[in-house]
Amino acid sequence: MSIAMPAPVADLAPRTKRADILPLSVENVCFDAGGQRLIRDISFTLEAGPRTFILGPNGAGKSLLQRLCHGLLTPSAGRVRWQGPGGHAPGREQAMVFQRPVLLRRTVAQNIDYALKLHGVARADRAPIIDDVLSRTGLARFAKSPARHLSGGEQQKLALARAWATKPQVLFLDEPTASLDPAAMHAIESIIDTMHNEGTQIVMTTHDLNQARRIADVVLFLYKGRLLEKTPADAFFNSPESGEAAAFLKGELRW
Amino acid sequence: MTDITQAFVTALQLLVTLDDNLVEIVSLSMQVSLSAVAVSVLIGLPLGAALALFKFPGRDAIVVFLNALMGLPPVVVGLVVYLFLSRSGPLGVLGLLFTPTAMIIAQAILVTPIVAALTRQVVADLWVEYSEQLRSLGASPAGAIPALLYDARFTLVTAVLAGFGRASAEVGAVMIVGGNIDHVTRTMTTAIALEVSKGDLALALGLGIVLISLSLAINAATYTVKVRAEAAWA
């Protein structure tokens, strides 16, 4: 793909050196809902660097695991341990982009402004950041448009721009391109790529195995709420350790 | 039949010539009801939003109670406020009975449950949609309240309007705590009640026409704004 991205500018470099929140350790995490154990005893460590994909069939617990890590859900047992004092608060050093972007009933620029305000960015400092992320995501001409009038792809770009503006150390993406056309998908992937290159840790779920092959460095494979493997992507796609993963990759997994 | 026709003609004359008496009554009514709605909005919006966002023991009971309060009989509210403000009541020293302030208090008590209950519903619905995203961005429930109220602004107009309708139309509460004193506490509704019992149908009818026209005009304007704004933002 060859989506031209403007060269990085100084504005998006971290404002101040902040304490690293990685590595993340997930320790024996379980999650129950409605009397059912949906996440079963998952442990792993997430190191800074490799783009990590959570794969698995529907209902494996991919979205739940992301929400548990992000802090939107509290584990029923076990714990999620970030480094540093601000690691646990969802909004401080982490961001999440959902499958269906939730945009405020405001203009495109105001959507980003609100996120920056929550991050304690002074009013005067917000405008240049907003201009920067909007131009880098190709949304500059929509700055004053109502956010909810954008197309699906543009709405997802705005959700990414909003996350980008807050300069997260870790970005969770829950099937961010699931309902987008190929052009929009490539645009989104290109933005994710740029954020990765600038040092944001990417943790993503997808049902698109080609997308995972293109982007992933490490794969966490979930099946029925269990973590069956954590493998470098090459190894996972060529010779998965578990029988379930092999069946999943062939499209033969029963669930 | 000619009586009614005659009354109608006289009523229109009063309206067209902006009769002093009529203008005075209309403006006092507007002052009282708008002030009551303003007070209710200040209390009802945050109260309704808090009830939508915070879970605590007894919340459901409070919500049911609040919904029930939407149907409070104005005369009963008037009576209670009267007892509090009367010379021998706990707030008698304030000397507020039979003043416009007393009427504002009584109407605010009638309107606040309406604004709060409708706000709670609107904000609860919006919170279902926004909750994950706002928490992900780092907002606490309390911190999310201004954003939710702002984003629900066009729907909340309807809640405020319902409150204004209730305030401007009620007669029982303002009659009891205001006393329908000429030039002091006479509103459109109390004047209509009085003039009808006196047999002066013209003034009563004129005030009735003003009351309905105001209500229609405000509703039409708000509806237009709401529809256009929702099309643009939602």
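How many residues does the contact take from chain A and from chain B? I get 18 residues from chain A and 14 residues from chain B, with contact meaning that two C-beta atoms, placed from the backbone, lie within 7 Å. On the side of chain A that touches chain B, α2 (90-93), β5 (94-97) and α3 (108-118) each supply at least two residues. That side divides into 12 nonpolar, three polar and three charged residues. Here Ala, Val, Leu, Ile, Met, Phe, Trp, Tyr, Cys and Pro count as nonpolar, Asp, Glu, Lys and Arg as charged, and the others, Gly among them, as polar.

Bookkeeping: this is a predicted model, where local features need pLDDT of at least 70, side-chain atom pairs count only at pLDDT 80 or more, and totals for chains, interfaces and linings use all residues. Residues are numbered from 1 along each chain as its sequence is written, and chains are lettered from A and ligands numbered from 1 in the order in which they are written. Helices (H or I, at least four residues) and strands (E, at least two) are DSSP runs, numbered from the N terminus.

Next, the domains of chain A. The assignment, automatic or from a database, gives domain 1 (21-86 + 171-255) and domain 2 (104-167). Their centres, taken over C-alpha atoms, are separated by 26 Å. I find 10 residues from domain 1 of chain A and eight residues from domain 2 of chain A in the contact. Helix α6 (residues 182-197) of chain A gives the largest share of the domain 1 side, five residues.

Then I looked up the largest nonpolar core, which has 129 residues. Such a core is a set of buried Ala, Val, Leu, Ile, Met, Phe, Trp, Tyr and Cys residues joined through C-beta atoms within 7 Å; buried means 20 or more other C-beta atoms within 10 Å of a residue's own. α5(B) provides the largest share of this core, 19 residues. Domain 1 and domain 2 of chain A both give residues to this core, so it lies between them. A:Val219, B:Ala106 and B:Val177 have the most contacts inside it. I checked B:Ala106: leaving out residues up to four places away in sequence, B:Ala106 touches B:Val77, B:Gly78, B:Val81, B:Ala173, B:Val174 and B:Val177.

Last, α10(B). This helix has 33 residues and reaches 47 Å from first C-alpha to last, close to the 48 Å expected, that is, 1.5 Å times one less than its number of residues. Its buried residues, B:Leu203, B:Ala204, B:Leu205, B:Gly206 and B:Leu207, pack against α1 (2-16), α2 and α9 (188-198) of chain B.

Note on methods
A residue is buried if 20 or more other C-beta atoms lie within 10 Å of its own, exposed if 12 or fewer, and partly exposed in between; C-beta atoms are placed from the backbone.
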